[in-house]
Amino acid sequence: NLQHLNDAIPQYCPLLGQRVVLGGLNTAALNGTRGTAVDFVFTEKDPEDGLYFTASARYTVRLDGPEGRLVKVRLANVEEEEDDWTGGAGGGGGGKTKGTGAGKKGRRRRK
């Protein structure tokens, strides 16, 4: 049902459609890169109950620049871009990611 999906978007993927900054990636050149979160997916379900593993969730981010490169990143590696243009690049905070560090299964959501 579309209404259920619309209601779930802010809960499970609050950065969808938002400007974001990447960080904590193994590919150091991407850390601090900015772009727009254009998609969100869960890639793995628990075979026992059919619920998605939060740890498997990924945002697809279209990076700034003429090429508009697309990269998939875990929730823990993306945060909302600061609106304050006078305050520098930002970098602290966080708090927007849920279900990180909770083991293999992570926190799960319902279908």
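I will begin with the sheet and then turn to the aromatic side chains.

What we have is a predicted model, in which local features need pLDDT of at least 70 and side-chain atom pairs count only at pLDDT 80 or more, while totals for chains, interfaces and linings use all residues. Residues are numbered from 1 along each chain as its sequence is written, and side-chain values use heavy atoms, with hydrogens and water left out.

There is an open sheet of five strands, in the order β5-β4-β2-β1-β6, with antiparallel pairing; strands here are DSSP runs of E with at least two residues, numbered from the N terminus, and two of them pair if DSSP finds at least two bridges between them. At the edges stand β5 (70-74) and β6 (78-80), each with a single partner strand, so one side of each has no neighbour in the sheet. Further in, β1 (residues 19-22) and β2 (residues 34-42) pair in the antiparallel sense over three bridges, and Val20 stands opposite Gly35 in β2.

Turning to the aromatics, the structure holds three aromatic pairs, where ring centres of Phe, Tyr or Trp (its six-membered ring) must lie within 6.5 Å. In one of them, Phe40 and Tyr59 have ring centres 4.9 Å apart and planes at 65°, so the pair counts as edge-to-face, a class for planes over 60 degrees apart, with under 30 being stacked and the rest tilted. Because Phe40 lies in β2 and Tyr59 in β4 (residues 57-63), this pair ties together parts that are 19 residues apart in sequence. Phe40 is buried at a relative accessible area of 13%, as is Tyr59 at 2%, where buried means under 20%, exposed over 50% and partly exposed in between, with a 1.4 Å probe and protein chains only. Finally, Phe40, Phe42, Tyr52 and Tyr59 form one aromatic cluster.

Notes: Helix = DSSP H or I, 4+ residues; strand = E, 2+ residues; numbered from the N terminus.
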